[in-house]
Amino acid sequence: MRPYQVGTAAAIVLIAAAAMFDSRAAFAPVEGTAKGDVGASWYPFWTAAVMGIAAAISGFRALTLPQPKEGIFESRSSVAAVLNLVIPMVAYALSFTWLGFYLATALYMGLFAAYLGRYRWYWTLASGVLTPLAIYLMFEVGFKLLLPKSVFYPGIPF
Amino acid sequence: MEVFGLLAGGFGTALQPINLAFLLVGVTLGLVIGVLPGLGGTSGVAILLPISVVIARGDIAGANSTTAIILLAGIYWGALFGGVITSILFNIPGEPWSVVLLFDGFPLAKRKGKPGLALTSSFLSSFVGAFIATVLFTLFAKEIADRALFFGPPELFAVFVLSFATLVGLGAESPLKALAMLALGLLLAAVGFDTITGQARLIPLSGTDNETLRGLQINLLAGIGFVPVTIGLFGIGEILASAEEQGIGYMEKISAKLGFKDLLEAFAALRQRWFLVISNSVIGFLFGVLPGHGATAASFLGYGLARQYSKNKEDFGKGEISGIMGPQATADAAGVASLVPMVTLGVPGSPTSAVMMAGLFVWGLQPGPLLFTEHSDFVWGLIASIYVGHFLTFVICLLAVPLLAAIMRVPYAIITPFIVVISIIGSYSLNNSMLDVSFTILFGLVGYWLRKMKYPLAPLVVALVLGDSTERELRKTLIAGGGNIGFFFSSGLATVMIALAVVILLLPFVRPAIARARGQRPAAAHAAD
């Protein structure tokens, strides 16, 4: 657990450092600021400073104090279960621009049912077709909320 | 009393057919969300925020912003009850606030063979807890709001500081990690245009010639949306955590059908424990009013209190009914109470009420004391709907447990991608923005990791929604005082609140020192971490 805790704290410190660098104007006088006002950069600078200091102390404590022995994941199967979800999810979101929401959803639901669920083809097909259809009826027809369309098939609702 | 007249008017609003219909939809959806382990009340409310916008702007005949808040609040009430079913029948917490039911709820259902009693006693105590909290809400909310109307920038800033201090100092997790998350939330809220000077802030790689990056920078100038971040942290983050548990594998299951006998038995149990349920409800209300704590922390507090003051301590963990009724009453009372600071002060009491508060901003309402004077129908309609909503939820739970439990039979390979799909719809449709979808996925992964590293997410979410207001009040105070820091202490109330905030912030660091001085071992290694 120790390296992960320290690594996470270090990442937060890095973000804080970048934000402080971006807000370095906190120490430069800005023309036109109202009397008494601290300007636009002061607040993000000190917020980032607090974040960095808190994360640094947290990381230091993780480095020096006893930490739980167990690993970050319970087993290999739990890592696989997370990756099985993350990879298709990222691919699904990336495919919106080319496939549009409905085709991407049909593929995502169908492939999930086939690959992870190992369902028979008709259940896979039902999952892939009925989900986007239900969403289309509820969101686009019912609530008039438009979802992303494909750039390749202009004019059709998918 | 004036409040009873106002409440009667609120019932008139809440019982309008359109509001009643959306309340029913809300509590039913909330129950489903509560039963599903991968989807929580917070993300459920966030996902439906775009639909609430359609409702609030009156696109549906007869509906308005009151209908929208009734829908969202209904989801919360349903989710508060729904998690119970999964915990008691499947030994899996459907919601974070029902984790505590695994200790006695599941053993009562399995070892003692009384799933009906476990469920009905839980629903009954939830209902009583929520009812008591709603009565307190009714009696005190207007009083608090009337006083808050006279708050100036120093008092408002002090309220925010006190809220943040309770998140850091009274949270269950490491205060340093909570502080880092709080600051991260404030920092994310600062991205984009400064609302006072109009300067661009925290825009990465400014001055680049890359077209894609410039497009991203232009989008970022409007700020990072609260809804996509919350759906990511609580929706995608939870589903990833749930996927990991599915990977581990084992799931218990008990069947239950509730009968009149179970209800009578639950009433008898309540009669024996009336003092515990009422006192825990009042404590839950007081605890829930504190920003950021909501139902989850309250449920553990309620369990601790029930055990502490029980004559049968040794029965706890083996199916003791007090171990179900105590935490349930506290959790539901805290859930209701978390709306009190949102409505009266414009400060969310829990991550779920933070999402609702974001909804109010989107619908064009300003959360805070002015709601009571400018949108009285809205506030009293909401308060009345809490009574009606909890009654509806209670009745549905008694009638439909087998049906709700059947949701758990929907296979993982269908329900999991479906939750991802609706999370992405919720994130996209508020602004029709693919950048928001990217934020949802990014913050989903970040939230999952932070959860594993035991970084609390509630301070991040509350700070993100309050960040702009905090900075505005800070700078207005400085401008009003001409840069004099003493102006923060210009009123007695502001001074007391800031002093209280300092004490609360120091608590986690002082407690271990006191324990050491008394020769005791600090309770946890990270007590001051």
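Let's start with chain A: in what order do its elements run from the N terminus on?

Analyst: Going from the N terminus, chain A reads α-α-α-α-α. That's five helices and zero strands, where a helix is a DSSP run of H or I with at least four residues and a strand is a run of E with at least two, numbered from the N terminus. Before going on, bear in mind that this is a predicted model: local features need pLDDT of at least 70, side-chain atom pairs count only at pLDDT 80 or more, and totals for chains, interfaces and linings use all residues. As for labels, residues are numbered from 1 along each chain as its sequence is written, while chains are lettered from A and ligands numbered from 1 in the order in which they are written.

So what does the chain look like overall? Its C-alpha atoms fill a box of roughly 65 × 55 × 25 Å along the principal axes. The radius of gyration (over C-alpha atoms) is 25 Å, while a compact globule of 158 residues would have one near 15 Å; that rule is 2.2 Å times the number of residues to the power 0.38. Take the contacts in chain A with a separation of 6 or more: 62% of them join residues 24 or more positions apart. A contact here means C-beta atoms, placed from the backbone, within 7 Å.

One residue in this chain is worth a stop. Arg118(A) sits in the loop between α4 and α5 of chain A, and its phi is near 50°, a positive value in a residue other than glycine. Arg118(A) is exposed because it has 10 other C-beta atoms within 10 Å.

Now for the partner. Chain A puts 60 residues into its contact with chain B, and chain B puts in 56 residues. On the chain A side, α1 (2-22), α2 (42-64), α3 (76-94), α4 (96-115) and α5 (121-142) each supply at least two residues. The largest share belongs to α2(A), with 11 residues. By type, the chain A side splits into 38 nonpolar, 16 polar and six charged; nonpolar covers Ala, Val, Leu, Ile, Met, Phe, Trp, Tyr, Cys and Pro, charged covers Asp, Glu, Lys and Arg, and the others, Gly among them, are polar.

Eight of its 10 residues are buried, so α6(B) is largely enclosed by the rest of the structure. Among the buried ones are Phe103(B), Asp104(B) and Phe106(B). The cover over them includes α5 (65-90), α7, α14 (294-308) and α15 (322-337) of chain B.

The axes of α6 (residues 101-110) and α7 (residues 115-148) of chain B come within 6 Å and cross at roughly 140°. Axes are lines fitted to C-alpha atoms over the stretch in contact, with angles from 0 to 180 degrees between N-to-C directions. α6(B) and α7(B) are therefore oblique to each other: under 35 degrees is roughly parallel, over 145 roughly antiparallel, 65 to 115 roughly perpendicular, and the rest oblique. Leu101(B), Gly105(B), Leu108(B) and Ala109(B) of α6(B) meet Pro115(B), Leu117(B), Ala118(B) and Ser122(B) of α7(B). That group holds six nonpolar residues, two polar and no charged.

One helix covering α6(B), namely α5, also holds Trp77(B). Trp77(B) is buried because it has 30 C-beta neighbours inside 10 Å. Leaving out residues up to four places away in sequence, Trp77(B) touches Val27(B), Gly30(B), Gly389(B), His390(B) and Thr393(B). Trp77(B) and Ser338(B) are 261 residues apart in sequence but 12 Å apart in space, C-alpha to C-alpha.

Finally, chain B has its own positive phi: Asn432(B), near 50° and not a glycine. Asn432(B) lies in the loop between α20 (412-429) and α21 (434-452) of chain B. With 12 C-beta neighbours inside 10 Å, Asn432(B) counts as exposed.

Technical notes
Contact = placed C-beta atoms within 7 Å. Buried ≥ 20, exposed ≤ 12 C-beta atoms within 10 Å, placed from the backbone.
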